[in-house]
Amino acid sequence: MDYNEKLDAAIARLHDEGRYRTFIDIERRNGQFPHAVWTKPDGSQQDITVWCGNDYLGMGQNPVVIEAMEEALRATGAGSGGTRNISGTTVYHKKLEAELADLHGKEAALLFTSAYIANDATLSTLPKLFPGLIIYSDALNHASMIEGVRRNGGAKRIFRHNDLEHLRELMEADDPAAPKLIAFESIYSMDGDFGPIEEICDLADEFGALTYIDEVHAVGMYGPRGAGVAERDRLMHRLDIINGTLAKAYGVMGGYIAASAKMCDAIRSYAPGFIFTTSLPPAVAAGAAASVAYLKRAPELREKHQQQAKALKLRLKGLGLPIIDHGSHIVPVMVGNPVHTKLLSDMLLEDHGIYVQPINFPTVPRGTERLRFTPSPVHGPKEMDALVRGMDKLWSHCALNRAEAAG
C-alpha cells in the first residue's frame, strides 16, 4: 500500500471539487476587533475586518472578562493540572457551573472543554443511564450531536428538519414503554432558522420523552438574561437538558450542559468525554464566569446585535442578493457552487480586506454553498458600508463572468 498516494488522492479530491479548506493566519488586536491583521503566505501583512467570527458580542475583548482571566492566571498559573476527578476542579470551575445553572434555571450544570464534547459525551452516555433509550434527532443537528447519537449504541430515529408530523409518526411507531429523548437545536447555524421548541416539548410530554436542546448559537444573545431562545419564549422549565457554549457569545472557550442535579451527576460519573479530559484552565473558567455574569445584565448588547443583523440583511437584500432570513442573527448569502463561493471569499479578502470563510459540503449540503456573515455590536457603520460595497461589486462581477461562461 502506498499510503502517501492515498493521502494525495484524498486531498486532490477536495481540490477538484473546489472545497479544499485553507486557514488564514490572522492576529486579533485587543480592543480593535473586528479589525485584525492578516499575515499572507509571502510574509507581508494586510489589515482586514473579520465578518465570520463567532465572538458574536465582542466579549473576547471585554475588559471585565480579561481582568478576570488575568487575576485567575496570576493566582493559579496556566493549567488546571488534571481532570476534574484528579486535581482539576477549582473554585473557578465551581463558580462557572453555578453561574450557568442559575442562567438556565436548572439545579446544576456540568462543564466540558467544548460544546462539541458536551454534546458528544452526553448523547453517547445517555443509553447507559436509560437502557433501551430511543433518540429522535433532527436531520440538521450539528455534527457533534450526530456523532454522539451515532456512537451511543442505542436506537436512533432521524426526523426531517423541523417536521413535527414526521417526528410524531416515528414516535407513534415505537414501543410506548421505551425510554425516549428528542434532540434538536434552538437556532440552526447555517440557515439561521429556529427549532419549534414548544411544539417539540408538547410531543415529549405526550410520548413521555426527555428533551435535549442545543442552544450554542443562542446563549448570550437571546432572552432577558441571555439564556437563549428557550428563555426568550419562557420554555426553559420544559427542557430536560440544555447544551451551550462559552466560545461564541461569551467570547472564551468551553461547553456545558445544564440539567437536574441527578442528570449532571450521572453524566459526570459515566461519560468518558468528561472523566478522562483535562479540565479547562482556571483562567478560562474565570473569564467565562465573568462573561456569563456580565451578559445577564447587558440586554443592550443583545439589542444592538439584533439591530446589526437586521440592517445587514436589509442592505444585502436591497442589492438583490439571495439571503436566507428566518429572523435570527445569522446572515447566509447563498452561492450554490463551491468554486464560486471560494472565489468570492478570496476576492473579498484580497481586494477589500474583508474576511469571510466559504461554507461548503459537508458543513452544508452540496449545491447550497454560501458565505455566512456574523455581524456584531463591534461592527460599525464604516465596516458595514465597506462590506456592502464589496459584495455589490464582486457579486455583479461574478454574475457577469457566469453569464459569459454560459454564453
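Ala108 has Ala259 as its bridge partner in strand 12. Strands here are DSSP runs (E, at least two residues) and helices are runs of H or I with at least four residues, both numbered from the N terminus. This is a predicted model, in which local features need pLDDT of at least 70, side-chain atom pairs count only at pLDDT 80 or more, and totals for chains, interfaces and linings use all residues. Residues are numbered from 1 along each chain as its sequence is written, and side-chain values use heavy atoms, leaving out hydrogens and water.

**Strand 4**
- Strand 4 runs antiparallel to strand 12 (residues 255-259), and five bridges join them; two strands pair if DSSP finds at least two bridges between them.
- Ala108, Leu110 and Phe112 point one way from strand 4, while Ala109 and Leu111 point the other way.
- Five of the five residues in strand 4 are buried (under 20% relative accessible area, 1.4 Å probe, protein chains only).

**The pocket lining**
- Helix 3 (91-104), strand 4 (108-112) and helix 9 (261-270) each give at least two residues to the lining of the second largest pocket; lining residues have an atom within 4 Å of a point on a 1 Å grid, and a pocket is an open set of such points with protein on both sides within 12 Å along at least five of seven lines.

- Four bridges link strand 13 to strand 16 (residues 370-373), where Phe373 is the bridge partner of Val331.

Methods:
Buried < 20%, exposed > 50% of the residue type's maximum accessible area, 1.4 Å probe, protein only.
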